[in-house]
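We will go from stop to stop, selecting a few residues each time.

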Amino acid sequence: DSVKSIGKFAFGCCESLTSLTIPKNVTSIDESAFSGCVNLKQLNVSTSNSKYSSKDGVLFNKNKTELVIYLESKTTASYTIPNSVKSIGEYAFNNSSNIKALTIPNSVTSIGKGAFVGGSNLESVSSPNSVTSIGKGAFVGCSNLESVSTPNSVTSIGKYVFDSCGLKSVSIPNSVSKISYGMFGYCEDLKSVTIPNSVKSIED
């Protein structure tokens with residue numbers, strides 16, 4: 001119980017690790033703490049912990065308004081984010097290559113930096129009108145992601161968001177004023193892009 005923080009790659013590539021319990025005094029967990037833990041199936045948080053909670057291999061903040069880490073070892077092909085979640089944390093689904101379909105509820109307003117990076121099997125993302133910002137590199141390397149529905153509520157899309165994705169067509173919503181640096185870099189299958197009059201600048 002003396003441990004208060006779990007840093008970057010603290011359990012990185014611990015391939016034999018199958019279960020872990022977060023004690024009550026931990027108040028800081030880096031998003032890459034369990035990177036490469038391909039067999040970590042059970043992640044439990046002490047009920048006395050004031051910062052974090054967990055459910056079915058997913059780490060949340062205490063009141064489940066932020067999804068912090070989705071274990072890359074999870075094998076389910078689809079996942080629906082709970083309605084309590086307002087934000088998807090940075091690199092939350094990092095290398096979660098088993099997910100094919102993701103449903104984001106209307107409660108979510110922001111998608112963090114690198115949220116789905118390395119989601120090589122992600123085919124569809126249902127994004128609601130509540131989302132206002134998509135962070136830098138959110139979908140980098142989602143090579144099977146052919147289409148994304150970007151709602152008109154989105155006003156901010158970060159750099160490299162769709163870099164190396166399998167996108168075939170893109171429609172930018174009227175709420176966006178800038179196409180950020182490298183937004184569609186290496187999208188080799190991209191054939192159609194619709195840019196609205198709201199866009200004032202297209203970066204490198």
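Select Glu-146 to begin: does its relative accessibility make this residue buried, partly exposed or exposed? Glu-146 counts as partly exposed, because its relative accessibility is 42%; buried means under 20% relative accessible area, exposed over 50%, and partly exposed in between, with a 1.4 Å probe and protein chains only.

Before moving on, note that this is a predicted model, where local features need pLDDT of at least 70 and side-chain atom pairs count only at pLDDT 80 or more, while totals for chains, interfaces and linings use all residues. Residues are numbered from 1 along each chain as its sequence is written, and side-chain values use heavy atoms, leaving out hydrogens and water.

**Stop 1: salt bridges**

Glu-146 and Lys-168 form a salt bridge, with 3.8 Å between the closest N and O atoms (a side-chain nitrogen of Lys or Arg within 4 Å of a carboxyl oxygen of Asp or Glu). Glu-146 sits in the loop between strands E13 (133-134) and E14, and Lys-168 in the loop between E14 and E15, so the bridge ties together parts 22 residues apart in sequence. Strands are DSSP runs of at least two residues, numbered from the N terminus.

There are two salt bridges in the structure. Now select Glu-203 and Lys-178, whose closest N and O atoms are 3.7 Å apart in a salt bridge. Glu-203 belongs to the segment after E18 and Lys-178 to strand E16 (residues 178-179), so this pair ties together parts 25 residues apart in sequence.

**Stop 2: aromatic rings**

Next, select Tyr-70, Tyr-79, Phe-93, Phe-116, Phe-139, Phe-162 and Phe-184, which ring pairs link into a cluster. Rings of Phe, Tyr and Trp (its six-membered ring) pair if their centres lie within 6.5 Å; planes under 30 degrees apart count as stacked, over 60 as edge-to-face and the rest as tilted. The structure holds nine aromatic pairs. Zoom in on Tyr-70 and Phe-93: this pair is stacked because the ring centres are 4.8 Å apart and the planes are at 25 degrees. Tyr-70 is buried at 2% relative accessible area, and Phe-93 is buried at 3%.

**Stop 3**

Finally, pick Asp-163, in the loop between strand E14 (156-157) and strand E15 (169-171). Asp-163 is buried without a salt bridge, and the nearest side chain of opposite charge, Lys-136, is 11 Å away (Lys and Arg count as positive, Asp and Glu as negative; His and the chain ends are not counted).

Key
Helices (H or I, at least four residues) and strands (E, at least two) are DSSP runs, numbered from the N terminus.
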